[in-house]
Amino acid sequence: SIYEMFGNECCLSTGEVIKVIGFKINKLIASICENNEVSRFSAKVELPLNFPGLYKVVADKTPYVSIEEITKKVSIGPTRFGHPCFYSPEDIKLANLTIKHGEQITFNSVEEVNGTVAVNCGVVRNNQSHSFTLPLSQEGKFYECEDDQIYTLKEIAEWKIPKCRNRIVKLSNTLHTWDTSNPLPENFDGCLILTPVYEVQAVMKFRKDIVHILSDLDVEVKDITDCYDISSFLQPLSLEDVFERTSKEFPMVAEIMEGPSGSQKPYNLLHTGKEIIIYKKYQATRVLASEIRSDSPKRHFLIPLSYKGKFKRRPREFPTAYDLEIARSEKEQLHVVATKAFDSPHKEFFSVSVGDQFLVQQCQTSEVLYEGRKKVIDVLACEQILSDTYKKVLLPMYMEGGFVEVIHDKKQYQLSEICKEFRLPFNVKVSVRDLSVEEDVLAAVPGLQFEEEITDSYLLISSTNSPVESWEIPVYRLNMSVHLLSKDVQTVVPPATKTTVEEISEEQYYMVRRYENQTLHPPPRPPKKPT
């Protein structure tokens, strides 16, 4: 049987031995959903896994009948996505704990303990986590919990579609303007039923790449696992697999089985068959930045602290007086111009006109008379700048106006200085480009907003042929497979590291912000107008 996949012709001869290493969803067939059923008027459309948009997963109404069924059909693993949640309509009595009906159970991992396979689970009560195990033999009805997270189609395909089931999703954010090539109806914001189309991932005896075989290929196979030495096959590893290895196992030599797409260095150097040295794994800091522009889509970047360009400040915009208080710092006085008028309902507060200028002082409280009763209101004390003097005024925190910062600071800053001296978000433009790289992608951007510092996982690699420089590659944003070679590393100390500015897609931007903010408390809401 001969077929062509991704431009590669592959011949499956009679007697060919294939080692299946995984199953993967190749694409999704989508139908518009009404009342949890396929709409009678809906045509089926094919969606690639990189189809733009963010989606919410609708909880499956069909229960699982045992823990074993869940482990066979649902992805449970060490990554962020691999912790599904279920509840039981009945109490579950364990040796030292009773799981109440309706209580959310998080499935963390599957492990074998004393010869018995069980699932490590947890429940949260009064902000305290309680851990326990459930054996595969545990029976009952287990329903999916509602999930308020958002996902890309690729993430849903990899983690959120149980085997032998469809998945209903609701479009949360289209991210892109609709055009005629979009298979979904214009302004569509409803639910879709996704049916997966699988491919088999396999390795063959005399090939060094991963073979992708569509699941509907008409070929007969026989299971010979029990009577064949499977150690003679290559063992593909993803970057996540490599990262999970212990630090003592580094450095290591590997050959790329599937390289990433992209023309940006070093991705264009990481082609199939290339040998690389992986020196170490580590966490590194990046500054998440977005292009300043009123229309969309904006470009987004992850900038290493070692970036050698310089920045000049650009004015920030503040929609409320509360935002002025958040941005206020002891280091310098905040000077702003009003861009929107505000007519105060109380004589104690200042009515703002467009063009008024203020120096922001401090937060305090003030009493106002409201419907015959005294109320204490949070206010921002400012000085209004007049032609030849200053006037003390109070602005209520709930004031919805508009302010633009007046910049007096003409200094040029390194990225590390900005992170140390100022509070993010912070607006800048490149004043001196990074001369250590051939093309500085940030230099062409008219304005950038530094949003937050994030920590991400990286591997440090170089070429085995000419290890004159090493590169940081992101573990979770690069699709790449390698197999390890039993070769000694000639240079244990890595050469000079080249860090690059990474431009990320809008979907990746939302994912980075989502994960970074999961551990943070939400910012306090601005005060409301007194009622």
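Student: In the open sheet of six strands, what is the strand order?

Tutor: The model is predicted, with local features needing pLDDT of at least 70, side-chain atom pairs counting only at pLDDT 80 or more, and totals for chains, interfaces and linings using all residues. Residues are numbered from 1 along each chain as its sequence is written, and side-chain values use heavy atoms, leaving out hydrogens and water. Strands are DSSP runs of E of at least two residues, and helices are runs of H or I of at least four, numbered from the N terminus; two strands pair if DSSP finds at least two bridges between them. The pairing in this open sheet is antiparallel, and the order is β7-β14-β8-β11-β12-β13.

Student: Why is one side of β7 and of β13 left without a neighbour in the sheet?

Tutor: β7 (64–66) and β13 (128–135) stand at the edges of the sheet. One side of each lacks a neighbour because each has a single partner strand.

Student: Which residue is the bridge partner of Ser66 in β14?

Tutor: β7 and strand β14 (residues 139–144) run antiparallel and are joined by two bridges. Within β14, Ser66 is bridged to Glu139.

Student: How many bridges join strand β26 to strand β27?

Tutor: A hairpin connects β26 to β27 through four residues. Ala381 stands opposite Leu394 in β27. The two strands, residues 373–385 and residues 390–396, run antiparallel, and the bridges between them number seven.

Student: Which residues are in contact with Val336, leaving aside its neighbours within four places in sequence?

Tutor: Contact means heavy atoms within 4.5 Å. On that basis, the partners of Val336 are Phe318, Leu324, Asp356, Gln357, Phe358, Val360, Phe403, Val404, Glu405 and Val406.

Student: What percentage of the residues of the protein chain count as buried?

Tutor: The protein chain contains six helices and 34 strands. Among its contacts between residues at least 6 apart in sequence, 68% join residues at least 24 apart. Of its 531 residues, the share that counts as buried is 43%.

Notes
Buried means under 20% relative accessible area, exposed over 50%, partly exposed in between (1.4 Å probe, protein chains only).
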